[in-house]
Amino acid sequence: MKNKQIWETRPLEFWDKAKELRARWQESSSDAKRVLGQGSTYDIDWAECFPAMNIVEDNPGGSMIQAKDSPYARKCRLASEIRGWGREICGYTNNLWGSMYLGYEQDGLPFPPRKFVVFMPAECDQHTKRGQQCRDFAPVPGWMSDCTIYLGEDDPVRDELFREHKVYCNFKQINDLERIFGQKFDDEKLSKMMDYSEEVIEYSRDIIMLMGRTIPSPLSVKDLYSVYTIGHLTKVDPEDTVNFWKMVRDEVQWRADNQIAAVGNERFRWVEAHPPSWHFLKYYRYMEKYGAVCLGSQYTAQNCGLLEYKPDGGIDRRVSMKYPKDTPIATREDALRMMLGPDPREPRAWKSDEYIRQDSIVEFADIMRADGALLPLWRGGVGCTLTRKEQAMRLRKAGLSVIYYEGSQPGDRTDLDEQRFLDQLDTWMESFGYEMLD
Amino acid sequence: MSAEATITRGADALGAAFDFKSLVDKRHDYARAWKAKTGGKVLGWFEPYFPEEIAYAAGMLPVRILARHEVDDISDKWIYSSCYPVRDMVNQLLKGRYDYVDGLVNVEGCQWMYNAFEVMMNNRESLFYHYLFLPDYTNAATSKDVAKNEFAVLADRFKGWTGKSITDADLDAAIEVYNHNRLLLRRINELRRADRPVISGSEMMNLVLADQVMDKAEMNVILEDFIKELGLRKPGPDKIRLMIVGSETWDARLEELVEAQGANVVADELDNGTSYYWNNVLPQEDRLMALALRYLGRPHSALKDNNYRRRPQHIFELAEDFNVDGVLLEKQIYCHSHGSDMYAVWKMLRERYIPYHYFERGSLLPEDETAARLEAFLSMLKPGLNHLAGWHKKFGED
Amino acid sequence: MVLQYAKWPEIQWMSDDAGWKEAKTITAGVDIGTTSAQAAVVADGQLAAYAGIRAGTDFRKTADEVMALALGASGITLERLSAVGATGFGKRNAAFATESLDEVSCHGKGARFIYGSEVTTVVDLGAQTVTAIKLYEWDRVWDFAMNDICATGMGRNIEMVCDLLHVPIGEIGEYSLDLGGKPDPEPVSTTCYNYAGTETMGLFRPEFRGDTLNGNEICASHLFAVAWRVLGVIGKLQSLEPGDIKVEGKLGFTGGLAHNAGVTRRIERELDTTALTSEYDPMLAGAIGAALLVLPEAAERGGVR
């Protein structure tokens, strides 16, 4: 069954703005005047409230190294391998900290040592250890928190203890940072940050809704990934972030209204799980030749807090439990309590789903009107692979066609046989009788 | 030996040999017999931070789910895990090797283990399941309160399941049995510090594994007798002294291979080894808090050794106290938790000039390859080891 | 007969100076590997004869054959030998050996014989194992590292690729280096020889990529992957201080893959060093080392067995 162009396609207009913001992030990340620390988003949304501090993530650094410069990434991984880490270590970690072990970055400049580290609390074991790498390397102060989770019904007592544990951990982090580095924390900005992030979530919700509910989809995940991290992993000015996501939402809305397609010959829609191999995003374009469009994964939808069917049959984002807007904030602890929210299991809902809402991937695929699922099996990414086989069974039961591919980890090209991967995709599409577009 | 015989108390059941390996091999028969005799529930547990005392206080037999290799033709459908032991566990559980287990408990720890736990939740719905959150940040001021409450939740769930409340007296009795057990294991372990230990590394490992699948009160009687027997044993020959550090091991094959090369494992830092019994519960009025402090304060496993590290120093102290000549750093292939820690451990060992050999293994040891490594490592260590030249004789120990 | 590209030439040599047969202490060493076996005869510390053959599945027969080939027509019998050291994966099958020795010591000792006292880092590139050895000046092993599971990615992988591409094993290395000035392509994703065939076929596929590799580049892609795995082993011997991978002192390769410039040059390039060369075949290191390690005691016994 040959395939022809059906819908109009157009280049995206938000590219230029995205490039500009990205460049600005790059510039601010290498601002030597600010105290450089290692940290991760989520619980440390407060990071923005330390104007003189530059708290960077080990990702997207790790995946960018692989995507931009494979020989250098390989060197980084070798540097970490010979210092004790094997292929079980997540590629992001291996790349970034391998760079530390080499002592220089991609451009040859010295690796900037971190002055402190805030570990990332996460379900993923590799994330839990994130940050320890630079503490093992050199004695810098470090702080932790926990990704609290339990199974079963809500338990108010557990919730409160978990929440207060996390409030305490965050509180201690901020106080200690002030004490050690003498930098002032902007308490007022914290509440403002919460409002900004709420706005971004709303726009993200609209974008994912438009991708999922419109045929043809106005935006593929390939395009979304180009801007995906802006405001999250690649932090820029909060107001700019909000404006940017509004711009993206408006454009996607316009495309949906006018049937401008991401893939002009769309006839197959698929979803994924977890990040793709960042160095080999070509496969999205390869699939487009079959008229197949990827609508992302629960991972890509996390920015909006995931979509779900509501009791009235409508679809909307799953709303994290929040304290009422008018809850009085008298102290820093109160603000942190507001930031963390009342449900200690919620923050990384899409990951928690693997523990407590295992069917949610099926709901997601259904909302996105997917015909199939392509699931990665990452050997060196325990958090990226947990429960994947069971997810496949659930999706198949729901009538989707599911295939896997195997590799090391999204930030590590080792073990991913690209040619074989494409062969698998050919077979998959041929099983539906699809041929490539002329 | 019949299943019935295996649960006979004390040394009589084992004969003079104290065959702990056989106890491990017959653990399923043992648990079934225990169940038939007591009518109690058997609870399987996955992760090393499980507070067994609470299950014991509830009248259960807590047994550790041990990875045992057998042909695995079933787990692949359910789990993509690059960790062999976890796949072994899923394979055994799905095949009904643990059909006597009434419930399974998982503690926050390795995610592959969690995945195995989840597969079982989805496959054997009739069992009792509980996931216990124990903070990865073990040392925060609030961690102990979280842990204590998690233990209270567990006790409450047990009550809902068995219909029996756990009283303070129950907890006290359980803590006493477990503390005594750990004390006995420590006593036996101390004997490995001798220049010529009366217990081999493989015997010790089998003993600790057996300890994790048996009723502790019963095991305590065996251990008391075993200690008496050890007192009668003549010191073994002077051998190269090794220590094993790394991923959990599930049998004593590595120790046996070391022994086949004429050396001995005298120390370990393994979750299935010394870390299992290293510290005791220090009783206090608030029993659950006492338990929380014990588990948060035990020698950390790799996944819980976060922020300011404790493992390297603990490993060093063991190496020094047990006078080891070299360290075998074994890591299960794709074991991310121990993989993450290797740099810190290597660094400490190198700074302190403790020779080590690092290698990867599956749940089965590649025997010829491991033997080749061991042979080379031992011949690297051997020259210049003065204790091998009869150092102990200077102290008249012989 | 089907041409087997993976076959490398077997060797046999004996000293022209027949005087060695009169030596007081004659020792021998055999190195029975998974795909090759070598034997060396040492007379009062001088190399007198050697042989190297492809190993069959019957290690015992292989051991007998290679030893017999090394002794050749010299008239020296096994009984005349003062001592025989056996090493390698199949060493237990050398029934005639008087001593069993570990591979690391043998390769270290043999490398010192082959490359002289300068060599401090020895890298044994075997068919299924890679071992990096750091030596003290006095021949003692300082430290060593071996490859991880699974090891089938080394020599055996290259044999597989040679047969698949119809490239003689003695030439694959040179082909892989002849890229017309282009840099190395990305290495193949796996060095598992079970998958070598699948991936190689994929590299020829013309669709989509626009970056289909030619024959030489495919060889390069494979040998690059092997070299990289070897680097992971070599580097484990270096200090944990920040910096690029490096070796301290001089580097010497032993084992079959030492003949493969496509692997060794890539390793040298990354380590920014040039490995030592020798008139002796580096495949003999294990056997020579075994013969030398059993020598002192045999000499002390006055050459008596």
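Which order do the four strands of the open sheet in chain A take? The order is S6-S5-S9-S10, with parallel pairing. Strands here are DSSP runs (E, at least two residues), helices are DSSP runs of H or I with at least four residues, and both are numbered from the N terminus. Two strands pair if DSSP finds at least two bridges between them.

This is a predicted model, in which local features need pLDDT of at least 70 and side-chain atom pairs count only at pLDDT 80 or more, while totals for chains, interfaces and linings use all residues. Residues are numbered from 1 along each chain as its sequence is written, and chains are lettered from A in the order in which they are written.

Strand S5 (residues 268-272) of chain A pairs with S6(A) over three bridges, in the parallel sense. In this part, Phe268(A) stands opposite Ala292(A) of S6(A). H16(A) packs on the sheet and touches strand S9 (372-378) and S10 of chain A. The direction of H16(A) makes about 170° with that of S9(A). Such angles run from 0 to 180 degrees between N-to-C directions, with axes fitted to C-alpha atoms, for helices over the stretch in contact.

Next come the chain contacts. Two residues are in contact if their C-beta atoms, placed from the backbone, lie within 7 Å. Between chains A and B, the contact takes 40 residues from chain A and 39 residues from chain B. On the chain A side, H7(A) gives the largest share, eight residues. Between chains A and C, the contact takes 19 residues from chain A and 21 residues from chain C. Helix H3 (70-81), helix H4 (91-102) and helix H17 (418-430) of chain A each supply at least two residues of the chain A side.

Now the interior. A nonpolar core is a set of buried Ala, Val, Leu, Ile, Met, Phe, Trp, Tyr and Cys residues joined through C-beta atoms within 7 Å; buried means 20 or more other C-beta atoms within 10 Å of the residue's own, placed from the backbone. The largest core has 283 residues. Met243(B), Val30(C), Val41(C) and Ala70(C) have the most contacts inside it. Helix H6 (residues 215-234) of chain C gives the most to this core, with 13 residues. Another core, of 60 residues, lies apart from it and includes Val221(A) and Phe421(A).

Terms used
A residue is buried if 20 or more other C-beta atoms lie within 10 Å of its own, exposed if 12 or fewer, and partly exposed in between; C-beta atoms are placed from the backbone.
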